[in-house]
Amino acid sequence: MQFTNLTTNFLGRNVSFYHEIDSTQSEIWRRIENHTIVNGSVVITNLQTQGKGTHGRIWHTDEPNNISFSLYIQTECTPEKLEGITVEIAQILVDILKKEYGIGLEIKKPNDIMYHQKKIGGILTESKVHLETVKFLVIGIGMNTNKMNFTSDIENIATSIQKEFGIEVDRNKVIAEFCNQFEAVMERRTKT
């Protein structure tokens, strides 16, 4: 799988797509442990059986064509240079959706993307720090773009772009544009 609108040097150049997987975040960590990961790798899936949210919560990815991916970026910087990175990730996504589809979403700091107090997306940022240096980031992003069916336990707190706006989001286009913008953000934040 390759993106057509990618302008990055490394982020999103190595993409793996799964129809179904336990968790894109877990897959990235497995590759790190097995030393089979490439800087800028992106793992995308249609369905997740054990999607990860923050604080050990589950992220439901049980319908196809939603945005569900994780990425891996190597770094050599102090943790201070990455302060607020999750909120900046959320802002990039909100800006892309505003520009491409004209929809206005809100950010509930630090890691939720909302519409009228209902959650549309979430971000999970994990890192490896060694001797006060961040060695890499593993970032998971889930967005309900096309999800229409919500179980009773989340139907009052979650929604989707398709449900609220009747818009079909081009997943690959959004992910590629995110990679374009986020690579630039990382270069700006980590330069010495």
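Let's start in the loop between strand 5 and strand 6, where histidine 116 lies; helices (H or I, at least four residues) and strands (E, at least two) are DSSP runs numbered from the N terminus. This is a predicted model, so local features need pLDDT of at least 70 and side-chain atom pairs count only at pLDDT 80 or more, while totals for chains, interfaces and linings use all residues. Residues are numbered from 1 along each chain as its sequence is written, and side-chain values use heavy atoms, with hydrogens and water left out.

Most residues other than glycine have a negative phi, and most peptide bonds are trans. What about exposure? Buried means under 20% relative accessible area, exposed over 50%, and partly exposed in between (1.4 Å probe, protein chains only).

| Residue | Relative accessible area | Class |
|---|---|---|
| Histidine 116 | 53% | exposed |
| Glutamine 117 | 68% | exposed |
| Phenylalanine 69 | 1% | buried |
| Phenylalanine 178 | 0% | buried |

There's a cis peptide bond as well, from lysine 109 to proline 110, with omega near 5 degrees. Proline 110 lies in the loop between strand 4 and strand 5.

Seven strands make an open sheet in the order 1-2-3-7-6-5-4, with mixed pairing; two strands pair if DSSP finds at least two bridges between them. Strand 1 (15–21) and strand 4 (106–108) are the edges, each pairing on one side only. On average, neighbouring strands are turned by 20 degrees against each other, direction ignored. Axes here are lines fitted to C-alpha atoms, for helices over the stretch in contact, and angles run from 0 to 180 degrees between N-to-C directions.

Strand 4 runs antiparallel to strand 5 (residues 112–115), and three bridges join them. Across that pairing, lysine 108 stands opposite aspartate 112. Helix 2 (residues 85–101) packs on the sheet, touching strand 4, strand 5, strand 6 (118–130) and strand 7 (133–143), and its direction makes about 140 degrees with that of strand 6. Contact means heavy atoms within 4.5 Å.

**Cores and rings**

A nonpolar core is a set of buried Ala, Val, Leu, Ile, Met, Phe, Trp, Tyr and Cys residues joined through side-chain atoms within 4.5 Å. Which residues have the most contacts inside the largest one? They are Ile141, Phe178 and Phe182, in a core of 42 residues. Elements giving two or more residues to this core include strand 2 (42–48), strand 3 (67–77) and helix 4 (171–190). Leaving aside neighbours within four places in sequence, phenylalanine 182 is in contact with Leu11, Leu71, Ile73, Ile85, Ile89, Ile92 and Ile139.

The structure holds five aromatic pairs. Rings of Phe, Tyr and Trp (its six-membered ring) pair if their centres lie within 6.5 Å; planes under 30 degrees apart count as stacked, over 60 as edge-to-face and the rest as tilted. Phenylalanine 69 and phenylalanine 178 are edge-to-face, because their ring centres are 6.0 Å apart and their planes at 70 degrees. Phenylalanine 69 lies in strand 3 and phenylalanine 178 in helix 4, so the pair ties together parts 109 residues apart in sequence. One aromatic cluster is formed by Trp29, Tyr72 and Phe136.
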